[in-house]
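Please walk me through this model in the viewer, one selection at a time. I would like to know what to pick next and what is there.

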Amino acid sequence: MSLRNIAIIAHVDHGKTTLVDQLFRQSGTFRENERVEERAMDSNDLEKERGITILAKCTSVEWKGTRINIVDTPGHADFGGEVERILSMVDGVILLVDSAEGAMPQTKFVTGKALALGLKPIVVVNKIDRPDGRAEEVLDEVFDLFVNLDANDEQLDFPSMFASGRNGYAGATPEVREGDLAPLFDTIIDHVPEPDVDPDADFKFLVTLLDRDNFVGRILTGKVESGKIDLNMPIHAIDMDGTVVETGRATKIMSFDGLERVAVDSAKAGDIISLAGLTDATVSNTICDPSVTEPIAAQPIDPPTLSMNFAVNDSPMAGREGDKVTSRVIRDRLLREAESNVAIRVTESDDKDSFEVAGRGELQLGVLIETMRREGFELGISRPRVLYREEDGKRQEPYETVVIDVDDEYSSTVVSKMQRRKAELTEQRPSGAGKTRITFSAPSRGLIGYHGEFL
């Protein structure tokens, strides 16, 4: 069976997870009478409530005898650590843009990473049935974005499709209003290359995602770069310097079938699989045949930009809401988080009672705090602080591109509030339906707490 590995890139709310649902339905992954939740890929409670994708997930569909592995990626910059690694598993990307909103800053961030890796994009203009859609204009914006991101000629010669993920159709022109997603499946098969791997070399596998399972322990997910692996085969894990982290056996190999992980007896080069049997191996490690000593080069992860202190709850109300209150259980939980989420860094304070947790942004840290609260932890939390770094003797701070869509009559208030927070206005234009879109370049420290004030 031939194979294609692709990732879907999109800004928040541009309809990525809904489109994947339709790909499942139309490829026969779900039975006709099977009851499936909407946005089936967003399986975590917080993802459902917030309507956002937080964790990257792998899935697989079959179309005309070809297996297509699809990786759903988060759309927020805060979860960019997930996205950067995933791109090394795939051979092509679908860039999904809303027909009214067009390419957003977050799309720019991830697309830049994909183009730099040499991946060829397929552009899908989604939600073309929106009354305020401007599909042709959006396609031109995407082309300009690719040029700004230094795309090569091959990448600029991208195929484009127009689709409605919710209604489940796609076509080659913006006028399409019926049909199915067959043109999109065919474009994926024609345009995305088969994995460029060596089936005859020794087994090598780069860990890109880490998961835990109460029964089999640590689950490592990634793409088999070369060779093949069989159940119970001896393997070892090496880090980026080639140092052996641990040795063991492949006690369980799983491949993806729809949303399910299915146990298999072996996997070959090009397959995206999950592997169990090792206890210390982590993201960016190479799992390989014991004879292999050269690791696979891993993508460097961008450093954290914000930090907060997590401390034991010492208020008079301690112990009223949760049962996990001691510094030892908080420490174990944070270290477990840092293990599977490479964009988070945890440092213990000298008094052992508090921990500095550094991450990519307020949303990422907020999601971690809410997840821990639901698990029964009680915490004291400090205000977020921005992390600076020294480069060539100069102190540097993180900056962000901020896009705000607001009703016309409030635009001047937003501009003056943002300028007070040291933001620089870079663009202002009407975005239709009585709204203005304002773009700023702002220091991260100026944005802390602005979301609440804006609302």
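The tour below covers charged pairs, a set of paired strands and aromatic contacts in a predicted model.

**Salt bridges**

Side chains of opposite charge can pair when their charged atoms come close. Across the whole structure, a search finds 26 salt bridges.

Start by selecting E194 and R4. Their side chains form a salt bridge, with 3.6 Å from N to O. The two residues come from distant parts of the chain, 190 residues apart: E194 is in the loop between α7 (182–191) and β8 (204–213), and R4 is in strand β1 (residues 2–10). Is each end buried or partly exposed? E194 has a relative accessibility of 43% and so counts as partly exposed. R4, at 10%, counts as buried.

Next, select D91 and K223. This salt bridge has an N to O distance of 3.5 Å. D91 is buried because its relative accessible area is 13%, under the 20% cut-off. K223 is buried as well, at 5% relative accessibility.

Now go to K120 and E154, whose side chains meet in a salt bridge at 3.1 Å, N to O. K120 belongs to strand β5 (residues 120–126) and E154 to helix α6 (residues 153–156), so this contact ties together parts that lie 34 residues apart in sequence. K120 counts as partly exposed, with 23% relative accessibility.

To finish with the charges, select D98, K127, R130 and D132 together. Salt bridges with shared partners join these four residues into one network.

**Strand β18 and its partners**

Select residues 306–311, which make up strand β18. Which strands pair with β18?

- Strand β20 (residues 354–359) runs antiparallel to β18 and is joined to it by 6 bridges.
- F310 is opposite I381.

**Aromatic contacts**

A pair of aromatic rings is described by the distance of the centres and the angle of the planes. The whole structure holds 5 aromatic pairs.

Select W63 and F185. The ring centres are 4.2 Å apart and the planes are at 10 degrees, so this pair is stacked. W63 sits in strand β2 (residues 57–63) and F185 in helix α7, so the contact ties together parts 122 residues apart in sequence. W63 counts as buried at 15% relative accessibility, and F185 is buried at 0%.

Then select Y450 and F454, an aromatic pair that is tilted, with 6.0 Å from centre to centre and 50 degrees between the planes. Both residues are in helix α12 (residues 450–454), 4 residues apart, which is about one turn of the helix. Y450 counts as buried, at 7% relative accessibility, whereas F454 counts as partly exposed, at 33%.

Select F143, F146 and F158 to show a cluster linked by ring pairs.

The last stop is R395 with Y388. R395 lies over the face of Y388, 3.8 Å from the ring centre.

How values were computed:
Residues numbered from 1 in each chain as written. Predicted model: local features only at pLDDT ≥ 70, side-chain atom pairs only at ≥ 80, totals over all residues. Heavy atoms only, no water. Buried < 20%, exposed > 50% of the residue type's maximum accessible area, 1.4 Å probe, protein only. Pairing = 2+ DSSP bridges. Phe/Tyr/Trp six-rings, centres within 6.5 Å; stacked < 30°, edge-to-face > 60°. Lys NZ or Arg CZ within 6 Å of the ring centre and 35° of its normal.
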